[in-house]
Amino acid sequence: DENETVDFFLSHSWHDDAHIKWDHLNEVAEAFFKKMGRYPTFWLDKVCIDQDNIEDGLKVLPINVMACKRMLVMCGPSYPKRLWCAWELCTLLSFAREEQTLQRVVLVPMETPANKN
């Protein structure tokens with residue numbers, strides 16, 4: 001559908017706990033469904049970038065980030081340490097004003113039993 005847009009660019013670290021990430025992703029999807037009457041669409045690097053040709057995916061990362069309505073930041077313990085994650089955030093910050101960025105970013109802190117409190 002030419003009018004279809006992607007609701008969320010999913011920014012996350014592959015090094016964070018997949019089960020915790022999945023639980024939080026489900027919470028986001030269910031909250032979106034309650035508000036919008038449909039489940040959200042996601043841009044996910046593993047399936048949207050050719051993993052055998054990542055360089056070409058990097059070239060169009062700004063287009064992919066800005067084409068999505070929001071950026072869902074799944075911030076687990078390794079997220080702030082990963083260059084790829086910083087690059088995704090930097091891309092959004094480079095192409096949007098601060099007010100727009102604050103409206104577009106949905107931050108989901110992912111706590112594990114070890115880092116709660």
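Reply: Let us begin with pairing: two strands pair if DSSP finds at least two bridges between them. Strands (E, at least two residues) and helices (H or I, at least four) are DSSP runs, numbered from the N terminus. Here Ser 11 stands opposite Val 73 in strand E3. Strand E1 (residues 6-12) and E3 (residues 68-75) pair in the parallel sense over 6 bridges.

Me: What should I know about the source of the coordinates and the numbering?

Reply: This is a predicted model, in which local features need pLDDT of at least 70 and side-chain atom pairs count only at pLDDT 80 or more, while totals for chains, interfaces and linings use all residues. Residues are numbered from 1 along each chain as its sequence is written, and side-chain values use heavy atoms, with hydrogens and water left out.

Me: How is confidence read, and where in the chain is it lowest and highest?

Reply: pLDDT is the predictor's confidence in each residue, from 0 to 100. Where it is low, the predicted coordinates should not be read in detail. The chain has a mean pLDDT of 86, with 91% of its residues at 70 or more. Helix H2 (residues 45-48) has the lowest confidence, a mean of 72, and H1 the highest, at 95.

Me: Is E1 enclosed or open to solvent?

Reply: Buried means under 20% relative accessible area, exposed over 50%, and partly exposed in between (1.4 Å probe, protein chains only). In E1, 6 of the 7 residues are buried, so the strand is largely enclosed by the rest of the structure. Phe 8 counts as buried at 5% relative accessibility, whereas Phe 42 is partly exposed at 28%.

Me: How many aromatic pairs are found, and how are they classed?

Reply: Rings of Phe, Tyr and Trp (its six-membered ring) pair if their centres lie within 6.5 Å; planes under 30 degrees apart are stacked, over 60 edge-to-face, and the rest tilted. The whole structure holds 4 aromatic pairs. In one of them, Phe 8 and Phe 32 have ring centres 5.9 Å apart and planes at 70 degrees, so the pair is edge-to-face. Phe 8 and Phe 42 have centres 5.6 Å apart and planes at 20 degrees, so this pair is stacked.
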